[in-house]
Every structure is written in C-alpha cells, then in structure tokens.
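Here is a short briefing for a first look. Keep the sequence and the 3D view open as you read.

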Amino acid sequence: MRLWYIVIKNIFRLPGIIKKMRRLADQEPYDESEAYEYLQEVISIMHRTGSIRTEIYGGEHLPKEGGYIMYPNHQGKYDGYAVVSGHEKPCTVVMDEAKSNFPFIREVIDLVKGKRMELENLKQSLKIINEVADEVKQGRKYIIFPEGGYTEHKKNALDEFKAGCFKSSLKSQTPIVPVVLVDTHKALNGTYLGPVTTQVYFLKPIAFEEYKGMKTAQIAEMVRGKIQEKLDELL
C-alpha cells in the first residue's frame with residue numbers, strides 16, 4: 001500500500017525521474033558517481049513522500065579502499081534502497097533476472113549497472129559470479145542477498161543463507177561485509193501507511209584471511225551467525 005501511495009504522490013514527477021535514470025544509464029562515458037548520487041536523491045524522495053526514516057549505523061566499519069561485497073538479510077522490497085541510502089560510495093547489486101525487469105526496478109538496475117542472474121541457468125550464473133569477482137577485485141562494491149529472496153511475514157527472522165552467494169568473495173579474495181537490516185519489511189510490504197523507522201547496521205568486515213580455506217557453506221553459516229547475533233542483541 002505504501003508503495004502505491006508513493007507512486008501516486010509522485011505521479012507527475014515519475015516520468016521525469018525515469019527519463020533521467022535512463023539517460024544517466026546510457027550516457028557515454030558512464031559516470032557511476034553521478035548515477036549513484038541521483039539514485040540516492042530518488043530514495044530521498046521516497047523517504048519524504050512515504051514517511052520512511054532509515055537510521056544508519058556502523059558506516060565507520062566499511063573498508064576505506066578497494067572493493068567488497070555486502071551481504072544483508074532480506075525482508076522486503078525496500079532492502080536494497082535501505083543499504084544504498086546509508087552507503088556513501090557507489091555500489092551495485094546482483095538480482096534475480098526474473099524480478100529485475102519490473103517497471104522502475106529495471107531502470108534502477110540499469111542505472112547502477114547491476115547484474116541480472118538467471119537462477120536456473122548454471123552457466124549464466126557462473127558467468128555472473130566470475131564477472132562480480134573481477135569487478136570487486138577492481139574496486140567495485142556489491143550488494144548480494146544471501147537468502148536469495150524473502151517470504152512475506154517473516155519480518156526480522158532469517159532464512160537459510162545460500163552458499164553459492166559467497167563464491168564471488170572467495171574468487172576476489174576481498175572483504176565480506178555483513179549487513180543487518182531491522183524492520184525494513186515495514187517500509188514497502190504490508191498495508192500500514194503511518195510513519196516507519198528502519199535500521200541498517202554495517203558490521204565489521206571479514207577479511208579474506210579470516211575465511212580463506214573455508215567452504216562456501218561454512219562462510220554462509222559464519223555470516224548468518226554474525227547477523228543473527230546482532231539481531232538478537234537488538235531485538
């Protein structure tokens with residue numbers, strides 16, 4: 001309901017927003033910083049018109065140099081926007097190809113040059129994993145949701161983390177940043193239209209030296225454990 005409310009409140013502004021997103025995505029040469037700044041501006045509009053407040057904690061933990069992958073828990077449609085709203089440097093995302101082509105979502109993914117993964121296509125998925133690893137080595141920052149999706153009404157509970165999500169970190173040998181999302185399901189899921197407060201916690205990065213030699217299933221369990229520990233502390 002809140003998502004529709006935001007769309008209706010911005011119905012006359014939306015065509016201009018989408019037009020500019022497409023222009024920034026297609027510009028040559030592509031300016032990642034300009035595109036990312038505009039996405040943050042659009043998220044600010046979403047916050048104002050949707051009465052969404054997002055509190056950010058732990059930004060000082062983010063690596064100052066180089067690329068890394070952030071692994072947040074997944075609660076709903078707002079989660080990616082929540083992370084971007086609190087992450088100063090440009091970052092992008094890996095998303096299920098089937099869900100990435102909805103109106104507006106398509107423009108967002110194109111704007112940040114995100115990766116679309118065909119979950120049932122092993123060859124294409126491996127190609128995306130390798131591309132992400134190469135780009136992170138070169139300094140890009142990625143968001144990957146290791147639960148693979150979210151189920152309605154799970155709220156702040158965690159599902160199992162998919163081990164394959166951590167292959168790009170192993171290949172790139174770069175830091176893993178666990179991210180804890182709290183109450184983000186209240187933003188764009190459900191029927192409540194009153195003001196909501198959500199929280200994003202960037203936890204201390206896990207350096208490659210801490211997880212090298214581990215299997216992806218072990219890494220997944222370690223990251224899930226750190227996120228669950230923080231949720232238990234908060235809730």
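Which residues of α10 are buried? They are Thr216, Ile219, Ala220, Val223, Arg224, Ile227, Lys230 and Leu231. This is a predicted model.

**Helix α10**

- Helix α10 covers residues 216-234, which is 19 residues.
- From first C-alpha to last, α10 reaches 27 Å, close to the 27 Å expected at 1.5 Å a residue.
- Viewed down the axis of α10, the buried residues fall within an arc of 125°, so they line one face of the helix.
- The other side of α10 has exposed residues: Glu229, Asp232 and Glu233.

**Helix α4**

- Helix α4 spans residues 79-86.
- Six of its eight residues are buried, so α4 is largely enclosed by the rest of the structure.
- The buried residues of α4 are Asp79, Tyr81, Ala82, Val83, Val84 and Gly86.

**Aromatic rings**

- A pair of aromatic rings is described by two values: the distance of the centres and the angle of the planes.
- The structure holds three aromatic pairs.
- One of them joins Tyr57 and Tyr201: the ring centres are 4.7 Å apart and the planes stand at 15°, so this pair is stacked.
- The Tyr57 and Tyr201 pair links distant parts of the chain, 144 residues apart. Tyr57 is in strand β1 (residues 52-57), and Tyr201 is in strand β7.
- Tyr57 counts as partly exposed, at 34% relative accessibility. Tyr201 counts as buried, at 11%.
- Phe208 and Tyr211 also form an aromatic pair, and this one is edge-to-face. Its centres are 5.3 Å apart, with 90° between the planes.
- Phe208 and Tyr211 both sit in helix α9, three residues apart, which is about one turn of the helix. Both are buried.
- A charged side chain meets a ring elsewhere: Lys113 lies over the face of Tyr30, 4.8 Å from the ring centre.

- Where is Ala207? Ala207 is in the loop between β7 (196-202) and α9 (208-211).
- Ala207 has 28% relative accessibility and counts as partly exposed.
- Ala207 and Tyr68 are 139 residues apart along the chain, with their C-alpha atoms separated by 9.7 Å.

**Cysteines**

- A disulfide is a covalent bond between the sulfur atoms of two cysteines.
- How many disulfides does the structure hold? The count is zero.
- Cys91 is in no disulfide. Its nearest cysteine sulfur belongs to Cys165 and is 17 Å away.
- The cut-off for a disulfide is 2.5 Å between the sulfur atoms.
- Cys91 is buried, at 3% relative accessibility. Cys165 is buried as well, with a relative accessible area of 17%.

How values were computed. Residues numbered from 1 in each chain as written. Predicted model: local features only at pLDDT ≥ 70, side-chain atom pairs only at ≥ 80, totals over all residues. Heavy atoms only, no water. Helix = DSSP H or I, 4+ residues; strand = E, 2+ residues; numbered from the N terminus. Buried < 20%, exposed > 50% of the residue type's maximum accessible area, 1.4 Å probe, protein only. Phe/Tyr/Trp six-rings, centres within 6.5 Å; stacked < 30°, edge-to-face > 60°. Lys NZ or Arg CZ within 6 Å of the ring centre and 35° of its normal. Expected span 1.5 Å × (residues − 1). Arc of directions from axis to C-beta.
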